[in-house]
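Please look through the model shown here with attention to its aromatic rings and to one of its helices. The paragraphs that follow take these topics in turn.

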Amino acid sequence: MSKQLTIFIVSDSLGETAQRMTHAVMGQFPNLEQIEIKKFPFINNEEDLYRILELAVTKGAIVVTTIVSRHYNNMGKAYAVEHGIPYVDYMSELMGFVQEKTGIAPTSETGMIRKMDDDYFKRIEAIEYSVKYDDGKHFTDIGEADALILGVSRTSKTPLSMYLANKGYKVANIPLVPEVKIPDEVFKQKHLKVFGLTASPQYIMNIRTERVKVLGISGKAYYNDLARIKQELAYAEEIFDRLNAIVINTEYRSIEESAFYIEKYLQK
């Protein structure tokens, strides 16, 4: 019969990091049957830490920690040495090595991994939203958008939307075509921050002409006809006015430049 193994996971946050590490180690002992893993999250005072360590002595437990505070870790290690209990600190030694190599001090802020995870999932959610609401494909939850981007074809709506989505912004974009009516629900969203993309007719014609060549279309196309482009831009100006849009000229401007300009408004 195998011996009982008890592990205490102690953290000043959720303890997910220490738990993952512990489970990875336990995976190397498949024949170990009697395991008790007890988690103690959000430990941020001396009294609670000492109480857990006293219990670890009673239970004969291994103490595994991801505590950021150097003070608490020093306390824990001293207590463990004094009372002969195994104490594994996953944070301090590696933070010390990183600081030694870079000269940069750690923030000593708890829950940083959770914050990083939250940022990651926020970006994923923003990307999923922006893909769904790209090119006027959906309008149902357009009020959830952090930004609504409008413009005629070839004014960089989609690349700009995806760039901002990767920074965590939910962006919807709608192509402006005189013959295609914008749904009334868009005009009802009074709180939406709307950005209109524009450029000179000649600039757009040149880009569309190149696009037509790539598609293998020969001869003159309605798509890159200068008179048609002027008509589209005039219609776009009307829509910009109706939606009180902030107008950005994307002519010879990089995606990063346009995104920076939009972010300034979104962060106000």
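Rings of Phe, Tyr and Trp (the six-membered ring of the latter) are said to pair if their centres lie within 6.5 Å, and a pair counts as stacked with planes under 30 degrees apart, as edge-to-face over 60 and as tilted for the rest. A search of the whole structure on these terms finds six aromatic pairs. This is a predicted model, in which local features need pLDDT of at least 70 and side-chain atom pairs count only at pLDDT 80 or more, whereas totals for chains, interfaces and linings use all residues. Residues are numbered from 1 along each chain as its sequence is written, and side-chain values use heavy atoms, with hydrogens and water left out.

One of the pairs is formed by Tyr50 and Tyr79, which are tilted, at 5.7 Å centre to centre and with 55 degrees between the planes. Because Tyr50 belongs to helix H2 (residues 46-59) and Tyr79 to helix H3 (residues 70-83), the pair ties together parts that are 29 residues apart in sequence; helices (H or I, at least four residues) and strands (E, at least two) are DSSP runs, numbered from the N terminus. Tyr50 is partly exposed at a relative accessible area of 32%, while Tyr79, at 12%, counts as buried, where buried means under 20% relative accessible area, exposed over 50% and partly exposed in between (1.4 Å probe, protein chains only).

The rings of Phe195 and Tyr265 have centres 6.2 Å apart and planes at 65 degrees, and therefore the pair is edge-to-face. This pair links distant parts of the chain, with Phe195 in strand S7 (residues 194-198) and Tyr265 in helix H10 (residues 255-266), 70 residues apart. Phe195 is buried, at 0% relative accessibility, whereas Tyr265 is partly exposed at 25%. Together with Tyr261, Phe195 and Tyr265 form one aromatic cluster. Over the ring of Tyr261 sits the charged end of Arg253, 5.8 Å from the ring centre, a charge being counted in this way if NZ of Lys or CZ of Arg is within 6 Å of the ring centre and within 35 degrees of the ring normal.

Arg208 likewise has its charged end over a ring, that of Tyr223, at 4.7 Å from its centre. Arg208 is among the buried residues of helix H8, together with Tyr203, Ile204, Met205 and Val212. Helix H8 (residues 201-214) has 14 residues and reaches 20 Å from its first C-alpha to its last, close to the 20 Å expected at 1.5 Å a residue, the expected span being 1.5 Å times one less than the number of residues. Just after H8, Gly216 takes a positive phi of about 80 degrees.
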